[in-house]
Amino acid sequence: MNKRDVVEDNTNPNAKIGFVIFYPFQYYVYKNVYVHLKDEAEFIVDAGVFFPIEQHHDLVDDLVVLLKKERVNFRILNYSDYHFENYLEDFFSKYETLVSVWHRGCMRLQCNIDKKKVHLTYGVGKELTTYGLYKRLFDLILAYGEYDHSFFSLYTQSVIVGNPKFDDWFNKTLDNNVTKIIRDRLDPDKQTVLYLPTHSDLCSIDELAEELKELASDYNVIVKLHYYTIREEPERVKKLTDERIILYKDDTDLLQLFKVANVVLSDNSSAIFDAILADKPIITTDFHSNDFLDVEHKKIKDRRRGKTMALTYSNSIEQRIKQDGTTITIHKPEELSTQVNKTLKNDIPQKKKRRQLRERLFSYNDGSSGARAATAIKELSGKKPSEKPIFYHLAEALEQNVLESVGLRYMNEREDYKRLCAYRSFSRGLMEKDVPENEPVFSIVVLPISNDISATKEANRSLHLQEFPHENYEIITNDLQLPIVSFLKESIIKARGGYVCFIGNTCVAPIDWLTRMYMTHKKHPDAVAVGGNIVRHSPLYNLYDEFDYFELGKKFGIQKEPKFIGLLYEIRNGLFWQNPAGKLSNISYRKDVLKKIQLPQEMQTIQLLEMWIKKQALDLGGDMVFTPLSVTDLECQTSKSFFKDRLREGVAYTLTGIRHPNLKKYYTVSIISIVSNSLPLLRPNRRDMLLFLVALWGNSIRLLGKYLTLLMKNQSIKKS
């Protein structure tokens, strides 16, 4: 599927309101609000919601299938689009208002900071996240009733609209064809249990999987899986895979399942309160102690989507109703069958309590919540957002104090964005005065370092989307697939720009890459080159990249300083070893310097070639400028590539030392140097111990490269 074609086929040219969607279940949250705004709205499929962590590749396709089936307008924001800031600005320029269930992904982009943002509530319970202070960043929250409105209104504007997802339920307009398809899978002689588990450490699948299989002998058992469980917990899905259990994913309308269910079973999910609004008998699990909820659960955890914080605590509403009789509660898995039977026979005591809670949580059951929500969104779109309440400012001050107390720099996002715009305006103004019209300033030489077609495509896109005037740079690629040295010689001759930039074909350049290169060249007109560093994309970053980062720090003598690259400024010198500029994946040379450099007839490794060019450039009497300007390599460094690169470095170090004896001291590789270079990493924690082993291995491979080079050189001497 060509996702860019999908964008063209389904977009609404009149859309000023964007409904941001990450998972299929969210469609049903938005559906009855969107229908009242569809002439001026569309869905935005945000595939980069956890950027730089990548979602499962099939997620966008699942969303496209659902949205096409529903015949709604939508556009796709691809994961790779997050690399290109000017594309993002253009993509979102049409929208005045963004509607979302989360404040993540594109809601946090700098280009959207000043847009109006609406939060559409999609659940009750798990109150640490439902009423999280981050929701103060929305200009409007659409609340279910007085209960959640009382929290939301403390830190932003809140309007009670009811639960739009249930409009079809109260209007009795659910699609009967869909209901029939579900019923056809059921045994009409059995009653139906609908199991709605949550995810992660609050999930009950591990405890109940076997009990559900036994229950399925006497009842129809339907399970609707949580959207995280489907994509992050395959082992739990496997536990429920049984011919007697009917599994549904998050692209299924929960209301259709309520239609056929006689009793609902859940654990700590917000679906408990959906069942209460639908007035369904509900059984909940109480498998976690207060100590677990208040201590263990609150520890920060690493999930596939990134670090996660606590969702709930022991006195959250979904925990309270397990104790006050609102739900039937089981404390052990083996109680399940007995309690299902008991609940189906007599639900009257719980029914009364559910009604009381429903009236407290949900203000409307008239089927018009979607219309009220749409009206509130329209009213917000037509006026300036209300002044934030005092609690918003208290939360802002608290966050700033916390950040400052741990030594982190805090800056208001809007102010940061304004400063960035001012910087860009200033730099563009300088270029307009200084850059000649219709004359290339830069010739960008794209080096064919990798065969990764997908990464190469994104890297090329980053070059075409530079904010630097397009008529002032050209891109030279190895279309004829020449040997690397032949390609470089031809590129230097062909280059029309005064500066020749080199970049790896899997490296994505930031939008201001050429602008910053240009301004640095102008600041240091006599420097032979300006170079930056290479970083690995976060999901690909591993111990091999940590080793590279450590070695970069050694050149400055600051490898123990965490995240030192972000704290550096320009470093200018003529020292071959202590200036890390020179990597051919991110450097710009003056063309007049390159024309004086003698390239060999053939060169086997890129490592030797970049050392060769750098040494000759410095010998011409100039300095190099290292600037912390990073390009992002989209290719993952594997054990195989790490081995190859270190072996090639061993060869390059040895040949450089032979050709330039004065540099030999910097590239001496021996058993002693292997140990001494690795020892600084020997610290008492698991990651540093592993990094120490990687360093030992990497330096040992360089030593192997040295011995192979000397062996080949000796054999060549003997033959001659």
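These legends accompany an overview and several close-up views of a predicted model.

**Figure 1. The whole protein chain in outline.** The protein chain has 720 residues, of which 54% are buried. Its secondary structure consists of 29 helices and 23 strands. Along the principal axes, the C-alpha atoms fill a box of roughly 100 × 55 × 50 Å. The accessible surface of the chain is about 33,500 Å², and carbon and sulfur atoms contribute 52% of that area. Among contacts with a sequence separation of 6 or more, 76% join residues 24 or more positions apart.

**Figure 2. Lysine 135, a buried lysine without a salt bridge.** Here we zoom in on the loop that runs between helix H5 (127-130) and strand E6 (140-143), where lysine 135 is found. Which side chain of opposite charge is nearest to lysine 135? That is aspartate 148, 8.2 Å away. The lysine 135 side chain does have a polar contact, at 3.2 Å, with the side chain of histidine 119. Leaving aside residues up to four places away in sequence, lysine 135 touches His119, Thr129, Thr130, Ile141, Phe152, Tyr155 and Thr156.

**Figure 3. Phenylalanine 43 in strand E2.** Is phenylalanine 43 buried or exposed? Phenylalanine 43 counts as buried because its relative accessible area is 0%. Take a moment to look at what surrounds this side chain. Not counting residues up to four places away in sequence, phenylalanine 43 touches Phe19, Ile21, Tyr27, Tyr30, Tyr34, Leu67, Val72, Asn73, Phe74 and Arg75.

**Figure 4. Cysteines in a structure with zero disulfides.** How many disulfides does a search of the whole structure find? The search finds zero. Cysteine 507 is in no disulfide, and the nearest cysteine sulfur, belonging to cysteine 501, is 13 Å away. For comparison, a disulfide calls for two cysteine sulfur atoms within 2.5 Å. Cysteine 507 is classed as buried because its relative accessible area is 2%. Cysteine 203 is buried too, with a relative accessible area of 4%.

Definitions and conventions:
Residues are numbered from 1 along each chain as its sequence is written. This is a predicted model: local features need pLDDT of at least 70, side-chain atom pairs count only at pLDDT 80 or more; totals for chains, interfaces and linings use all residues. Side-chain values use heavy atoms; hydrogens and water are left out. Helices (H or I, at least four residues) and strands (E, at least two) are DSSP runs, numbered from the N terminus. Buried means under 20% relative accessible area, exposed over 50%, partly exposed in between (1.4 Å probe, protein chains only). Lys and Arg count as positive and Asp and Glu as negative; His and the chain ends are not counted. A salt bridge is a side-chain nitrogen of Lys or Arg within 4 Å of a carboxyl oxygen of Asp or Glu. A polar contact is a pair of N or O atoms within 3.5 Å; within protein, one must be able to donate a hydrogen and the other to accept it, and residues adjacent in sequence count only if both atoms are side-chain atoms. Contact means heavy atoms within 4.5 Å. Accessible areas come from the Shrake-Rupley method with a 1.4 Å probe; for residues, only the protein chains shown count as cover.
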